[in-house]
Amino acid sequence: MDEILIVPDIHGRNFWEPALDFEGTVIFLGDYTDPYPHENFTQEDAYRGLLRIVDFKKKNPDRVTLLVGNHEMHYYNSDYACGRFDSHYFGPFNAILTGKETAGLFQLCKQIDNYLFIHTGITKGWYDAHFDELSKLGNTLEEQMNNLFVSNMEAFHEASIYRGGYHSAGSPLWADVSEFLDEPEHFSDTIIQIIGHTQLRDDEPLIKDNIRLLDNRQLYVLKNGETVKYVVP
């Protein structure tokens, strides 16, 4: 496997910009929108940044992957509004996510070998609940998940008590990392999920047997099975 550059949750920040000069595969884990107010980035920063990221994808369609996060979901449909939703930017973000020339640039997940790149990760509880539906939507997990996001977005709005919801398990856009740490068995014995969503206060990623949580405002490289911080040349 060649080196893969991974860009965790952006939320209007600019730490992702070295990805523009990376010559290999680049995967964005979603959550481009809705900055944290205390970090002094604005929604306009997020919008302008997303335009640049979309342009990057257009120029490199075969090696750049744009995943969606829960903070994009409510710009597909305001019925799914969550924290920091900005009605003033619903139109601009919705145009990017659903527009004729740009909608096809985004997807729910990307699988490379036994690594699944996805915003929050698949819990066994959610997977089991949707197994029958997924099995009809493709031959591979990636196909099934991406097709389900198109055909039944509601399935990805499910949140458990870990995130203030009432479902028995969080969806791949809403599960909390604690759900993976607490579940007695995983949905797959072989897949390693590379995720964001649950922001880490620590400078180091959270590495477990089935997940690698990278949401701490820096770039990572997957190389020879190891996930390490990216050092700009």
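Colleague: What does Q144 touch, leaving aside residues up to four places away in sequence?

Modeller: In this predicted model, Q144 touches L134, S135, L137, G138 and N139 once those sequence neighbours are set aside, and a touch here means that heavy atoms lie within 4.5 Å.

Colleague: Where is the place of Q144, and in which helix?

Modeller: Q144 belongs to helix α6, which covers residues 141-151, and the protein as a whole has seven helices and 11 strands.

Colleague: Why does Q144 count as buried?

Modeller: The word buried is kept for residues under 20% relative accessible area, and because Q144 has a relative accessibility of 12%, Q144 counts as buried. Across the protein, 55% of the 233 residues count as buried.

Colleague: What makes the radius of gyration agree with that of a compact globule?

Modeller: For 233 residues the globule rule leads one to expect a radius of gyration near 17 Å, and the protein has 16 Å, so the two agree. Along the principal axes, the C-alpha atoms fill a box of roughly 40 × 40 × 35 Å.

Colleague: Among contacts between residues at least 6 apart in sequence, what percentage join residues at least 24 apart?

Modeller: Of those contacts in the protein, 56% join residues at least 24 apart.

How values were computed
Residues numbered from 1 in each chain as written. Predicted model: local features only at pLDDT ≥ 70, side-chain atom pairs only at ≥ 80, totals over all residues. Heavy atoms only, no water. Helix = DSSP H or I, 4+ residues; strand = E, 2+ residues; numbered from the N terminus. Rg over C-alpha atoms; globule rule 2.2 N^0.38 Å. Buried < 20%, exposed > 50% of the residue type's maximum accessible area, 1.4 Å probe, protein only.
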